[in-house]
Amino acid sequence: MRYKLTFVAGLALGYVIGTRAGRERYEQIKKSARQIAQNPAVRNTVESAAQSGREVAGKAFASVSEKVGDKMPDSVADRVRSLREKSQSGAEDDWGTSNT
């Protein structure tokens, strides 16, 4: 019985120490991720990648719609049209960033 009690006490102590260390590391990682996300170079790269993705999606839609014709679901066609209009108007995207 004494060994079981010692084991449970050790387990509880390890859990408490581990969760404190884990929480500190989590906060450290979260802070680093926030700093990276706010970096202007990273933001510009993300915006340009998003713009390139929109252009590729538009070209793919045009290519597929030529081959598929009227069989394209209306929901897909509407979504691509809205993305195309956003990219042409220079409006902000869903994340509040410009498409420049």
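## A pair within helix 1

Lys-30 and Glu-27 both belong to helix 1, where they sit three residues apart, or about one turn of the helix. In this predicted model, the two residues form a salt bridge, and their closest N and O atoms are 4.0 Å apart. The count of salt bridges comes to one.

An α-helix has 3.6 residues a turn, so residues three or four places apart point the same way. Lys-30 has a relative accessible area of 33% and is therefore partly exposed. Glu-27 is also partly exposed, because its relative accessibility is 30%. Both values fall in the range between the cut-off for buried, under 20%, and the cut-off for exposed, over 50%.

## The overall fold

The protein chain contains three helices and zero strands. Read from the N terminus, the order of its elements is α-α-α. Helix 1 covers residues 2–37, helix 2 covers residues 40–68, and helix 3 covers residues 74–89.

The chain has 100 residues, of which 11% count as buried.

## A nonpolar patch on the surface

Phe-7, Val-8 and Leu-11 make up a nonpolar patch on the surface. Together, these three residues have about 330 Å² of accessible area. Leu-11 is part of helix 1. Its relative accessibility is 53%, which means that Leu-11 counts as exposed, since the cut-off for that class is over 50%.

## Helix 2

At the start of helix 2, Asn-39 places a side-chain oxygen within 3.0 Å of the backbone nitrogen of Ala-41. The length of helix 2 can be checked against its residue count. With 29 residues and 1.5 Å a residue, helix 2 should span 42 Å, and its end C-alpha atoms are 41 Å apart, so the two values agree.

The buried residues of helix 2 are Glu-47, Gln-51, Arg-54, Gly-58 and Phe-61. For Gly-58 the relative accessibility is 17%, so this residue counts as buried; the cut-off is under 20%.

## Contacts across the sequence

Gly-58, in helix 2, and Val-80 are 22 residues apart along the chain, and their C-alpha atoms are separated by 6.7 Å.

The other pair is Arg-81 and Phe-61, which are 20 residues apart in sequence, with a C-alpha to C-alpha distance of 9.5 Å. Arg-81 lies in helix 3, while Phe-61 is one of the buried residues of helix 2. Arg-81 itself is partly exposed because its relative accessible area is 41%.

## Confidence in the model

Across the protein chain the mean pLDDT is 78, and 83% of the residues reach 70 or more. Confidence is highest in helix 2, at a mean of 84, and lowest in helix 3, at 75. Where pLDDT is low, the predicted coordinates should not be read in detail.

Terms used: Residues are numbered from 1 along each chain as its sequence is written. This is a predicted model: local features need pLDDT of at least 70, side-chain atom pairs count only at pLDDT 80 or more; totals for chains, interfaces and linings use all residues. Side-chain values use heavy atoms; hydrogens and water are left out. Patches are made of residues with over 30% relative accessible area and no salt bridge: like charges are joined within 9 Å, nonpolar side chains (Val, Leu, Ile, Met, Phe, Trp, Tyr) within 5 Å. Accessible areas come from the Shrake-Rupley method with a 1.4 Å probe; for residues, only the protein chains shown count as cover. A salt bridge is a side-chain nitrogen of Lys or Arg within 4 Å of a carboxyl oxygen of Asp or Glu. Helices (H or I, at least four residues) and strands (E, at least two) are DSSP runs, numbered from the N terminus. Buried means under 20% relative accessible area, exposed over 50%, partly exposed in between (1.4 Å probe, protein chains only). The expected span of a helix is 1.5 Å times one less than its number of residues. A polar contact is a pair of N or O atoms within 3.5 Å; within protein, one must be able to donate a hydrogen and the other to accept it, and residues adjacent in sequence count only if both atoms are side-chain atoms. pLDDT is the predictor's confidence in each residue, from 0 to 100.
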